[in-house]
Amino acid sequence: MIAEEFDAIVIGAGMSGNAAAYTMASHGLKVLQLERGEYPGSKNVQGAIMYANMLEKIIPDFRDDAPLERHLVEQRLWVMDDRSHTGIHYRSDDFNETKPNRYTIIRAQFDKWFSRKVREAGATVLCETTVTELVRDAANGKVIGVRTDRAGGVLYADVVVLAEGVSGLLGTRAGLREMPKPETVALAVKEMHFLPEEVIEQRFGVKGDEGCVIEAVGTISRSMAGLGFLYTNKESVSLGIGCLVSDFAAAKESPYALLDAFKNHPSIRPLIAGSEVKEYAAHLIPEGGHKAIPQLFGDGWVVVGDAAQLNNAVHREGSNLAMTSGRIAAEAIVQVKRRNDPMTGRNLTLYKAMLDKSFVVKDLRKYKDMPALLHTNSSNFFTTYPRLISQAAQNFMRVDGTPKIEKEKATTAAFIKERSRWGLVSDAVRLAFAWR
Amino acid sequence: MSTANETPRPAAGRAGIKKELPERFKDYRHVWVFIELERGQVHPVSFELLGEGRKLADNLGVQLAGVVLGPPGEATWNAVAEAFAYGADLAYIVEAPLLADYRNEPFTKAMTDLVGSHKPEILLLGATTLGRDLAGSVATTLQTGLTADCTELDVDADGSLAATRPTFGGSLLCTIYTLNYRPQMATVRPRVMPMPQRADKPVGRVIQHKVSLAEDEIVTKVLGFLPDSQSAEANLAYADVVVAGGLGLGAAENLQLVKNLARAVGAEHGCSRPLVQKGWMPADRQIGQTGKTIRPKLYIAAGISGAIQHRVGVEGADLIVAINTDPNAPIFEFAHIGIVTDAIRFLPALTEAFTRRLSPHSRDKLAS
Amino acid sequence: MHIVICIKQVPDSAQIRVHPVTNTIMRQGVPTIINPYDLFALEEALKLRDAYGGGVTVLSMGPPMAEDALRKALGYGADRAVLLTDRYFAGSDTLATSFALSQAIAKIGETFGKPDIVFTGKQTIDGDTAQVGPGIAKRLDLLQLTYVAKIASIDLATREIKVERRSEGGTQTLKSRLPCLITMLEGTNEIRRGSIQDALCAARSQVLKWSAADAGIEELTRCGLRGSPTVVKRVFAPTPRAEKAAKIDTAEKTLRDVADELIAAILARQPALEHELAFNNGA
């Protein structure tokens, strides 16, 4: 059997891998994509949010046939204590536009669709094929191909795109990057709760394809840096909670117990009452931010998406960074290829340069101090403040004959008692700096 | 099937088809049950079907006939006598040496011939390996409708057979009609219908039918037959007490807890479909629509949620005990006694309690 | 030897949900798989090809998305895939399905050589009827060998085939002749893993898509809804029983007490069991 050679091999068929494979194939490169799962998305059964703008840059007319669940018209940000939530809701009819900005999707279906597009663009996609190692040139160490768990030898390529996800072992085993540290990876546990369409419409005040997202912080994460979330799909609600892996370990908390508590929170429970839980999954999310980004390229390889820790934990954006990094890596490879240059690390710096100029790295740089701040101060940000905010709100709402001025004083006093005047100022300043 | 919470299903499309029986089918009358005779024995499912066929025939005001295909000899005539004992009004019999062992070709020929000559409106067969092999060929030859694995048979107001069976992988039930073709064919799995009372009766009218078939026209030859060893497998469907485990047991090794309890009370053990799919238990232990249907006096389901496809396989049990951690599990909808607890922890306690209760020693103590 | 194997793409029944209010099927997000019983037939077909030479053609009838199932079958090493897809086939019952499939098999025979064996799985997991295989055999006048546990021998010169087939209460050994239709019993083998070359080849081969006309079907009235003698009149959830399970309270009780209480409850409802259980235990 004559060994077959490709311009590029993409490892993984998630958002970043599909974006890379699609972009390269549609520029005429000979692309092979290898996916471990039974089909693209089979390892990713969950609901998610998809950002239209970043997908438009890859597939402009995706709305024609992509499996989209609901477009988001409302976002709720909740600060929760054990019995209450204080929230900011933003809803606007402006989001009911002809080309809506954000959608909920079910990854299993979306990824399958995306993969079909990749194939239609001309790439060869093999599922149920696990790459077992990167093959390097014995002389110069350049990555020249991959070996898989199927019989039949090595597959060669000019460049290998590692889109293997946050816990992908190929790059780490090959020494291209370090294993992500527990404090830079969050573990999210999610469930799909199936509900009839009408029930979802009633409970969330949406109609047609409109959808709503709830994100919640507070005592639900038991003083760890974490976030609970709920997305409405067409006939289901995706819900889950995530915290840093290191926090779970230190606090000896079980993710399942946290999810259970979140589901039973008096503000969440009625939203999912009577639903049928069908899918349960745990998922790792890179949360290290800018400081955790590894080396992104080398001789014969680039790394994209979650594998490269490209995830904006503050804005809960992952898939758009993944898609964008995949697309940019692909565009860089296409340019190098067009110049007939070899896929050396030197030439692939182009990827880094292009990525640095994009929103991906700019956003991550903006929030570079945020993960550490929230992490080291997690009990203040995720327990103390939520409790205080709830007390303050209740104090404000409850009409019991107390003069308003005394109510305000009581609230201020409670904040100072818990965090001291200096603590409040310093938290505010640090938060402001991290945000800046 | 009168009080089901039915819903109109616009997608079905066919539901609107009207009954307009063509002229050539108008003289098709009477209910037939295929009496499955293999190696001298009548399969009990045939008697279960005679019980069901009796009701249909009475509703329609027609006769119930047993159809016996077999080699010349005593066994075949015994099968005829049994058909009468279980309620047949008359019997059709085709005797030929080449019907000694079941083979598709001669049996299909004999059955389709018989139907063509005597024109039944309903033909019921057991959904055994033999019955399914035969029914598909017969229905295709006759170009008529066949509803497989029915769980309920009824006659509707205009005299059509309403055959109900699980659908969508056992998530829902559906009622199927063969409106404009005859005979209306259905298969029913063993143990789905109750065994009717046997009553010795003189042999009634027997219609002998000749089929022109010669052994050298039949390609397929039976070279041998190896009966199953008396394994528990064969006994599951007819066991008086059955203990079964489901996904709630969490791991393959926990099935030992089910087996332990079964052994303690002298029961057969089984499992739900997902366990077979996971390879935790062999397929012949599967209980439910696609496995065995059971009608024991006591059925204990441990960690089984109770999907419809399982339900239809156990509903005939006299007493169903369900053990499940989920208080909303569907199994509590049709079990008689429920315990909301973890079967992994509870099964050993139950085994111990049964053993304590049933050991001669403890019985003696109770007596004294 | 030319082998045709019929497969069906089915929803993974473990993941089917029923709408709690309207009792309709919620199809969203239910993954599809190759009917698991068909994989045993496919592996057997591939084994025979490896042993006797020739080719394996995989045939499926279904919506366009059933192409995924066929592509997967190619990945296991099948040589050719045909998808019979046409709106005329919608709503087919077993009779109409076996008609369309047998017509397509005849067309495959004309185009790529007459099949020596047609394989199907024992049954599907969504329909569970086990009737399409026998239907195809009858229509194509193939010898019918159902529930085959083992293909003992094939003699291509004399066209003789010996199989072991599962029958009620035992195993029958049959001698028959090609061409035949075999429905393969489950658990008889394990589907192979194709090599990287098989996988690449599958990813690049075209699945042939045949309409009714492509398959040479002229009698459209014998297809789909119109060709189906059976009529689904209604689909419904089972009647909830008036009486739900009597729950034994477990709060603040030892498991031992709960177990004793359960046995007492069992015997209260079925007194005869006391004798039965004791008898069984002693035996």
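This is a predicted model: local features need pLDDT of at least 70, side-chain atom pairs count only at pLDDT 80 or more; totals for chains, interfaces and linings use all residues.
User: Why does C6(C) count as buried?

Analyst: Its relative accessibility is 7%. Buried means under 20% relative accessible area, exposed means over 50%, and partly exposed is in between (1.4 Å probe, protein chains only). The value of 7% falls under the buried limit, so the label applies.

User: Why is V207(C) called buried, and which residues is V207(C) in contact with, leaving aside neighbours within four places in sequence?

Analyst: V207(C) has a relative accessible area of 4%, so it is buried. This residue sits in the loop between α5 (196–204) and β13 (208–210) of chain C. Contact means heavy atoms within 4.5 Å. With neighbours within four places set aside, V207(C) touches E67(C), L70(C), R71(C), L74(C), A81(C) and L83(C). From P36(C), V207(C) is 171 residues away in sequence and 21 Å away in space, C-alpha to C-alpha.

User: Why is β3(A) described as largely enclosed by the rest of the structure?

Analyst: Five of the five residues of β3(A) are buried, so the description holds. Both faces are covered: G47(A), I49(A) and Y51(A) on one side, A48(A) and M50(A) on the other. Strands here are DSSP runs of E with at least two residues, helices are runs of H or I with at least four, and both are numbered from the N terminus.

User: What makes β3 and β6 of chain A a strand pair, and how many bridges join them?

Analyst: Two strands pair if DSSP finds at least two bridges between them. β3 (residues 47–51) and β6 of chain A are joined by five, running antiparallel. Y51(A) stands opposite R102(A), and A48(A) stands opposite I105(A). β4 (residues 70–80) of chain A is also antiparallel to β6(A), with two bridges. One of the bridge pairs is H71(A) with Y103(A). β6 (residues 102–106) of chain A is mostly covered, with five of its five residues buried.

User: Why do β8 and β13 of chain B stand at the edges?

Analyst: The open sheet has seven strands in the order β8-β12-β7-β2-β5-β6-β13 (chain B), paired in parallel. β8 (146–150) and β13 (205–208) each have a single partner strand, so one side of each is left without a neighbour in the sheet. Neighbouring strands are turned by 25° against each other on average, direction ignored. β8(B) is joined to β12 (residues 184–188) of chain B by three bridges, and L146(B) is bridged to M185(B).

User: What is the angle between α1 and β2 in chain B?

Analyst: Helix α1 (residues 44–60) runs at about 175° to β2(B). Axes are lines fitted to C-alpha atoms, for helices over the stretch in contact; angles run from 0 to 180 degrees between N-to-C directions.

User: How is R256(C) known to form a salt bridge with E352(B)?

Analyst: The closest N and O atoms are 4.0 Å apart. The rule asks for a side-chain nitrogen of Lys or Arg within 4 Å of a carboxyl oxygen of Asp or Glu. Across the interface of chain B and chain C, the rule finds four salt bridges. In that interface, 102 residues of chain B contact 86 residues of chain C.

User: What is the area buried between chain B and chain C?

Analyst: About 8,800 Å², of which carbon and sulfur atoms give 56%. Buried area is the accessible area (1.4 Å probe) that two parts lose on being put together, summed over both.

Key:
Residues are numbered from 1 along each chain as its sequence is written. Chains are lettered from A and ligands numbered from 1 in the order in which they are written. Side-chain values use heavy atoms; hydrogens and water are left out.
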